[in-house]
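Thanks for coming. I'll take a few minutes on one structure, and you can follow along on the screen.

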Amino acid sequence: MAAAGVAAGLGSSDFSDLREIKKQLLSVAERSRERGLQHSGKWASELAFALDPLPLSELPPPPALTEEDARDLDAYTLAKSYFDLKEYDRAAYFLRGCKSQKAYFLYMYSRYLSGEKKKDDETVDSLGPLEKGQVKNEALRELRVELSKKHKARELDGFGLYLYGVVLRKLDLVKEAIDVFVEAAHVLPLHWGAWLELCNLITDKEMLKFLSLPDTWMKEFFLAHIYTELQLIEEALQKYQSLIDAGFSKSTYIISQIAVAYHNIRDIDKALSIFNELRKQDPYRIENMDTFSNLLYVRSMKPELSYLAHNLCEIDKYRVETCCVIGNYYSLRSQHEKAALYFQRALKLNPRYLGAWTLMGHEYMEMKNTSAAIQAYRHAIEVNKRDYRAWYGLGQTYEILKMPFYCLYYYRRAHQLRPNDSRMLVALGECYEKLNQLVEAKKEIVEHLEVSTAFRYLAQYYFKCKLWDEASACAQKCCAFNDTREEGKALLRQILQLRNQGETSSTDIAAPFFLPASLSANNTPTRRVSPLNLSSVTP
């Protein structure tokens, strides 16, 4: 198959030759840019920048030209200039009949992007943000037929396979898309875009186990990323630490991913510290700044959030992340209509931007517009079924509507995605209690967690419900385990103090929730929040 030689030269997943890795990164960055794959080119360039410079004698040569490349050169050069100006139909017109791999890819990619642009234009012109899913890219079916023929004839290189996978994914042919992205990763392991698309389709660790992935150093970056997405944060942080030790300590990509990982386990102090350091190293960076703003929001850091919003506006006011940061700023000031407006602007810029859907759902909840909140959360789930915040938000919404069977379903889905998140467990316990299924409430917790952790969470739940006897019994059982002994003793002291005070409201004393011991160091205590009090939940 075309480009198979590229894979053959990569070797195993060790990092012993960083100079060779840098050559590979510089080479694939250039090849990605030639095909209009700007994000993949940027990723490779940023990673290469984190490694030591190469001497002139070791710089990678430009890709060799074939006879077909030479014949298509004039058409390709003209079309690429149109492509860069987003004149996709014009670019495709002049690439008709081109046979070289590079020109053919740009021809098909121009047609794909033309369909996406027309879809987005139609969406902005005629529909509100909650109806965006109804507009389709009309070019997809034609592209699938043509790419399928090339695929069967084994005429697609790694970039062509990537585009074929994107078309299949857009048509909701998930299984076929996964197979094609895996094939693309084997043929061209250096192309980050194929790995990233694969990440978006893997929903759990079991799916990951059955993938036949190439043995290349790129696989380590993929695993670190997918572990973060699957909320396997301890594994993700270990992978990123090993990549730093291997020689990528200056990589702003890795630093940002570590900050996101700490954000995901609600270690707010550490995440804030890393994001602040990242801003010093890369002050004009916009990627992940919406996640940074979530942390500032949770801590009610209005001056810092205001500064971040103004700073990003000066850099690029029409970026999705900028709109989300401004939305968070207005939300923190309780100006929820303005906040929702900026999240809608973000969705006009990118209808598939997950964070904006979830944040808009939160704002509609604050405005007590439950039907709009439900729509927004459901759109978030359509974009990414792994978004626990959307499942949790739906549970809260149906809790407001007093529909416990519905909220039980959504809380269970959130809990499956975040098994160690105390908020999900407490929400489940309250649901079962409303349905008079207390035995099931206990069973739900014990089935999913270690026994000691289960007693810890049950003790916290009973404490919150002011069921002192039950809370005391579970806290005493916590004392029988090494990892929960101190927490059990602390809770027993709190219960005794409350009883001595004559049934003082338990809300005056925050009952901390804890992650498993392996992730609990320096972690910020969290509490279950009522459905309308979203200010203490990471947006």
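The chain has an average pLDDT of 85, and 86% of the residues score at least 70. Taking the elements of the chain, the highest mean pLDDT, 97, belongs to helix α5, residues 88–94, and the lowest, 39, to helix α1, residues 4–8. Residues 1–11 have a pLDDT below 50, and beyond near neighbours in sequence that stretch has 27 contacts in the model. Residues 503–539 are also below 50, with 107 contacts in the model beyond near neighbours in sequence. Where pLDDT is low, the predicted coordinates should not be read in detail.

Next, the aromatics. Searching the whole structure gives 29 aromatic pairs. Take W43 and Y253: their ring centres are 5.7 Å apart and the planes are at 80°, so this pair is edge-to-face. W43 is in helix α3, residues 38–49, and Y253 is in helix α14, residues 252–264, so the pair ties together parts 210 residues apart in sequence. Are these two residues buried or exposed? W43 is buried at 6% relative accessible area, and Y253 is buried at 9%. Now compare the geometry of Y461 and Y462, whose ring centres are 5.8 Å apart with planes at 50°, so that pair is tilted. Y461 and Y462 are both buried.

W43 and Y253 also belong to a cluster linked by ring pairs, together with F15, W192, W217, F221 and F248. Two rings have a charge over the face. K150 sits over Y104, 4.5 Å from the ring centre, and R423 sits over Y392, 5.9 Å from the ring centre.

F221 brings us to helix α12, where it is one of the buried residues. Helix α12 covers residues 218–229, and its 12 residues should span 16 Å at 1.5 Å a residue; the end C-alpha atoms are 17 Å apart, which agrees. Of those 12 residues, 10 are buried, so α12 is largely enclosed by the rest of the structure. The buried ones include E220 and H225 as well as M218, L223 and I226. What do they pack against? The buried residues of α12 pack against α3, α10, α11, α13 and α14. After α12 comes Q231, with a positive phi near 65°.

Last, salt bridges. The count comes to 25. In one of them the side chains of E58 and R19 meet at 2.5 Å, N to O. E58 is in the loop between α3 and α4, and R19 is in helix α2, so to speak of distant parts of the chain, the two are 39 residues apart. E58 is partly exposed at 22% relative accessibility, and R19 is partly exposed at 44%.

K80 and D84 form another salt bridge, at 2.8 Å, N to O. They are four residues apart in helix α4, which means about one helical turn separates them. K80 counts as buried, at 12% relative accessibility, while D84 counts as partly exposed, at 43%.

The side chains of R35 and E34 meet in a salt bridge at 3.6 Å, N to O, and both residues are buried. With K102, E34 and R35 are linked in a network of salt bridges.

That's the tour.

Notes
Residues numbered from 1 in each chain as written. Heavy atoms only, no water. Phe/Tyr/Trp six-rings, centres within 6.5 Å; stacked < 30°, edge-to-face > 60°. Buried < 20%, exposed > 50% of the residue type's maximum accessible area, 1.4 Å probe, protein only. Lys NZ or Arg CZ within 6 Å of the ring centre and 35° of its normal. pLDDT = per-residue confidence, 0-100. Contact = heavy atoms within 4.5 Å. Expected span 1.5 Å × (residues − 1). Salt bridge = Lys/Arg side-chain N within 4 Å of Asp/Glu carboxyl O.
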